[in-house]
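This briefing covers one protein chain. Topics run from a single residue out to the whole fold.

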Amino acid sequence: MSGGVHFHGTGQHGATRDTPRPRQLPGDVRGFVNRTSELERLNAILTGDTGEPLVVSICVIAGTAGAGKTSLALRWAHQAQAHFPDGQLYVNLRGYDPGAPVTAPEVLHRFLLALGVSSAAIPADPESSAALYRSLLAGRRMLIVLDNAATVSQVRPLLPGTAGCLVLVTSRSRLSGLAVRDGAHRLTLGTLAEPEAVALLRTVTAGYRTEDDAEKLAELARLCARLPLALRIAAERAASRPLMSLDDLIRDLRDESGLWEALTVGDDEEADAVRTVFAWSYRALPADAARFFRLLGLHPGPEFGTSAAAALAGVGVSRAQHLLDVLVGAHLLTQTAPDRFEFHDLLRAYATDQAQDEEPAEACEAARLRVLAWYLHAADAARTRVSPAEPPLPLESPPNGVTPPVFADYDEAVRWYELEHGNLLAATRAAADAGLDAIAWQLPALLRPVHARLNAFEEWFAMGHLGLSAARRAGDRAGEARLLESLGMACRQSHRLAEAAQYHEGALAVRRELGDRLAEALSLNALGLVHLRTRQLEAAKERFTEALALFRELGAAEWEPTMLANLATVSYEAGDLAEASDFVRVALTALRERGDEGGEGNALRILSAVQRETGDIGEALESAQSAVDIARRYRNHAWEGYWLLDFGQAQLADGRPEDALVSYQRAAVLHRQLGDRSREARAWNGTGEAYGRLGRFEEAAAFHRRAAAAHRELNDGWQMATALDGLATALREPEEGGAGEEARRHWGEALRVLAGYEDGRAAAMRTRINRALEAAEG
């Protein structure tokens, strides 16, 4: 038979066949001069024929702070783009920022997104993310720029596994471990030679001043320790004062240097010179720009937009935009993208110091509160777009001077989260450090539906733990329960089911203590879902029954059909088809009466499975088709992917394996995009069954084997046993005179796994497998 369906449209974890070619390099440096020999040394890494391997695959540019490492790396990267036709990845690891450095798992998440992997499909486990990253880079020629690395541990998980890609690292450290273990080439960047330093000063001031005396420019360069960062700031100040003589500028800088030396006891000449230039430029700012600069040092994250900066300083957005332009013009701040700004790490530390020295403590606290409140209310605005049905969390009104953003729709809210997720985590940490425990637990509580929708496990877990500690410090038991519930959902969604049960049990205990009976019922339902995932069917039934009774007692009729549908699922899984039918038909009637089409679709999925197993194949097809139609009408991929699994089963029961293959392929693709590896593997198992019905046993075995491996990795014994049964069946069919040794081995493993399950369906499967083994022996 020809024309079978294969899964070649996408990569294993959601990267499309046409993987994007990212172009993440920041803009080239304006007025870059010299460093000719260093550029030539970098060029020597390349080869003339782009098909040949690179001379080295890792290069570390090391040097003191402010030496121009990033500028050199970016200048060369822009010049060498043609050698890397598959794209360039870039990240600032912020290894020397005052705040927390960027971790390798955070970078992997960003890079996988840039390589075409959907957010939901990125594995929660860092090792799995790193393996997927290496797989996507294999056979490609890409440049990966890792800027401002402090440690080898920030870099090593980001190294490709095969030749062809170049990793360019900048660091103040020599990162000797990369040279010893990974064969990295090192280029050490010193200060500029005097002629080069003078040339840089002339380049930046060209067109603004008349020709300055070379000796005086050399003196200015010496005062800047011939470091590019300091030289650019000094040159910008000279360019902005074209009528001021260079003698006067040098005298100002010498005076500043003398003042600085009197205030410090350091012996690092270069560091002192850089901070002197910072102070010299800072003191030349207008008073409002200087205050804006130092307050920006209090921002919790490494980068920010205009609205957050305005909230921090307590000024209007238009005024903030003007002040940002002033700071960018003075080289005290860098604009990295439209409405995105960041400090050089040395300047950020300097700004923070000035805030602490010059601002009253109350003013610093008020600024921190304003910016944290801005992030809190912005997160609430995003939540209302991502999950409008989520019960609201009462918040205090934002302080004066804080205007949170408003999002037009779901997509705009998600884009904002993806831009700000690092700042949101930093804001949660900052709130906890400042003793603002209410904000520290409310932020992760508000973002739970966003994290759940995007499978943003890194931030979800980190913020959840910070929030849980904050709620406990504050003695806010309701907040504690919310965070326990959130962490339970994160664990369930990432298949850490034992932990999920512990968190939900904790939330249940707190809610019972508080007497919040509606929340108690919700926790019971959550626990039931965990038990259902782990096939603890009796425990699941108990929890759902308790929740149903409590909802009825409270008059919360809106939850009753959901509980009945969950109970129907338990009954179906246990093999009690009559009870499952009774539960689901009552649920379906109620859901239709109130117009809940999402609930109706899920009930139809369950009903289809019952109808299929009771022999009503036509009705099973109709029910499953109706469910899938609802999902597609709502463009809900989670519903569609899940309900297609039962549609495929109904198609197989109707003798239509080719149609089932189409359903399973679509289900696998959707679950891959959603990051649900368990249901994706179930789609593979269905595909194997469909190929078996077509007599294509080799392909059937391949899909069953793949499904069994995935379920083994997920520690899902029931689904693994199902896949092993399918694999053994596919291996048996071509055998002459009974099952082969491999088929018997897989059936034997399935029986050992099934021994741990006591429900009727498991018993029926054991009986069938034993009969198959007896027939094979006979």
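Leaving aside neighbours within four places in sequence, Val-317 is in contact (heavy atoms within 4.5 Å) with Thr-306 and Ala-310. This is a predicted model: local features need pLDDT of at least 70, side-chain atom pairs count only at pLDDT 80 or more, and totals for chains, interfaces and linings use all residues. Residues are numbered from 1 along each chain as its sequence is written, and side-chain values use heavy atoms, with hydrogens and water left out.

**Val-317**

- Val-317 sits in helix H14 (residues 317-329). Helices (H or I, at least four residues) and strands (E, at least two) are DSSP runs, numbered from the N terminus.
- Val-317 counts as partly exposed because its relative accessibility is 47%. The classes are buried under 20% relative accessible area, exposed over 50% and partly exposed in between, with a 1.4 Å probe and protein chains only.
- Leu-253 is 64 residues from Val-317 in sequence and 34 Å from it in space, C-alpha to C-alpha.

**Whole chain**

- The protein chain has 34 helices and 8 strands.
- Its C-alpha atoms fill a box of roughly 100 × 65 × 40 Å along the principal axes.
- Of the 778 residues in the protein chain, 54% are buried.
- Take the contacts with a separation of 6 or more: residues 24 or more positions apart account for 68% of them.

**Nonpolar cores**

- A nonpolar core is a set of buried Ala, Val, Leu, Ile, Met, Phe, Trp, Tyr and Cys residues joined through side-chain atoms within 4.5 Å.
- The largest core has 195 residues; Leu-285, Phe-292, Phe-293, Leu-296, Trp-416 and Leu-443 touch the most other members. Helix H16 (residues 361-386) gives the most to this core, with 12 residues.
- A second, separate core has 36 residues, including Leu-115, Ala-121, Ile-144 and Val-155.
- Not counting residues up to four places away in sequence, Phe-293 touches Tyr-282, Leu-285, Leu-327, Leu-332, Phe-343, Leu-347, Tyr-350 and Ala-351.

**Aromatic pairs**

- Rings of Phe, Tyr and Trp (its six-membered ring) pair if their centres lie within 6.5 Å; planes under 30 degrees apart count as stacked, over 60 as edge-to-face and the rest as tilted.
- By this rule the count is 17 aromatic pairs. One of them is Trp-374 with Tyr-375, edge-to-face at 4.9 Å centre to centre and 85° between the planes.
- Trp-374 is buried, with a relative accessible area of 3%. Tyr-375 is buried too, because its relative accessibility is 0%.
- Ring pairs also link Phe-278, Tyr-282, Phe-293, Phe-304, Phe-343 and Tyr-350 into a cluster.

- Strand E4 (residues 166-171) is mostly covered, with 6 of its 6 residues buried.
- In a regular strand the side chains alternate between the two faces of the sheet.
- Leu-166, Leu-168 and Thr-170 point one way from E4, and Val-167, Val-169 and Ser-171 the other way; all are buried.
- Strands pair if DSSP finds at least two bridges between them. Strand E1 (residues 58-63) pairs with E4 in the parallel sense over 5 bridges. Ala-62 has Ser-171 of E4 as its bridge partner.
- Strand E3 (residues 143-147) also runs parallel to E4, joined by 4 bridges. Here Leu-143 is partnered by Leu-166 in E4.

**The open sheet**

- An open sheet of 3 strands has the order E6-E8-E7, with antiparallel pairing. Its edge strands, E6 (303-304) and E7 (334-337), each pair on one side only.
- E6 and strand E8 (residues 340-342) run antiparallel and are joined by 2 bridges. Glu-303 stands opposite Glu-342 in E8.

**Helix H26**

- The 17 residues of helix H26 (residues 597-613) should span 24 Å at 1.5 Å a residue, and its end C-alpha atoms are 24 Å apart, which agrees. The expected span is 1.5 Å times one less than the number of residues.
- H26 is mostly covered: 14 of its 17 residues are buried.
- At the start of H26, a side-chain oxygen of Asp-596 reaches to within 3.4 Å of the backbone nitrogen of Gly-598.
- Just after H26, Gly-615 takes a positive phi of about 90°.
- Ser-608 lies in H26 and counts as buried because its relative accessibility is 0%. Beyond residues up to four places away in sequence, Ser-608 touches Ala-620, Ser-623, Ala-624, Asp-646 and Ala-650.

Conventions
A polar contact is a pair of N or O atoms within 3.5 Å; within protein, one must be able to donate a hydrogen and the other to accept it, and residues adjacent in sequence count only if both atoms are side-chain atoms.
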